[in-house]
Amino acid sequence: MWDAVTPEASRRMLAAAVDAFAERGYHGTSTRQIAAAAGMSPAALYVHYRTKADLLYRIAERVHVSVLETLSAAMQDVDGHPERIRALMYAFARWHARHHHAARVIQNELGALEAGHARKIAALRREVRTLLRDAVRAGAAAGEFDVADVDGTSRALASLAIDVCRWYRPDGPRTPDEIGALYAHLALRMLRAD
């Protein structure tokens, strides 16, 4: 996920910030601690990011763009409403397992975003919700899903996948692929898809 971040020093700062925020929280982490974890001087952080708040925003932006890219790619060339939901939920849950560390930081620290940054991230989150809601709505309209509340069901499906980042551990009993497969199955059960 971080490979798209250049230059390499900016990428190191992001990775160090994710680790620091995960350990101490956004407010409990200083820019000095982030720079030290990245193996750089405190002044170097400001060469790449204006403020600690900007650094958090860049992490949140990259996380949400990565989710959108992953979900969009998952739906490419997938026909059929159940198949689209299966592909979306597999990709969504798997992403949250694979990137649980960064996803957990963002879920815990969204409230620390500055107002302008929060609005931009909220727009990206709406795009993610819209992808899922449109897929549920289309299947319900085609009579392939038994859904009384499209918005509520879509929100529940998104919550199911997002929550993976809160409990997933790499040394746990399931791989990201297994979690993706399970959550895809659960989603279709929730939609009462044939």
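I began with Y168, and in this predicted model I found that residue buried, at 6% relative accessibility. I then looked up W167 itself, which is partly exposed, with a relative accessible area of 40%, whereas Y168 is buried.

Next I asked how many aromatic pairs the count comes to. I noted two, and went on to the pair formed by F21 and Y26, which is edge-to-face, with 5.3 Å from centre to centre and 65° between the planes. For F21 I wrote down a relative accessible area of 2%, which makes F21 buried, and for Y26 a value of 7%, with Y26 buried as well.

I stayed with Y26 and asked which residue has its charged end over the ring of Y26. I found K52 there, with its charged end 4.4 Å from the ring centre, so I now picture the ring of Y26 with K52 over it and with F21 as its edge-to-face partner, under the cut-off of 6.5 Å between ring centres.

Last, I checked the record for this stretch of chain, and UniProt, in an unreviewed entry, places the feature "domain: HTH tetR-type" at residues 7-67.

Note on methods: Residues are numbered from 1 along each chain as its sequence is written. This is a predicted model: local features need pLDDT of at least 70, side-chain atom pairs count only at pLDDT 80 or more; totals for chains, interfaces and linings use all residues. Side-chain values use heavy atoms; hydrogens and water are left out. UniProt positions are given in the numbering used here, feature names are shortened, and annotations may be inferred rather than shown by experiment. Rings of Phe, Tyr and Trp (its six-membered ring) pair if their centres lie within 6.5 Å; planes under 30 degrees apart count as stacked, over 60 as edge-to-face and the rest as tilted. Buried means under 20% relative accessible area, exposed over 50%, partly exposed in between (1.4 Å probe, protein chains only). A charge sits over a ring if NZ of Lys or CZ of Arg is within 6 Å of the ring centre and within 35 degrees of the ring normal.
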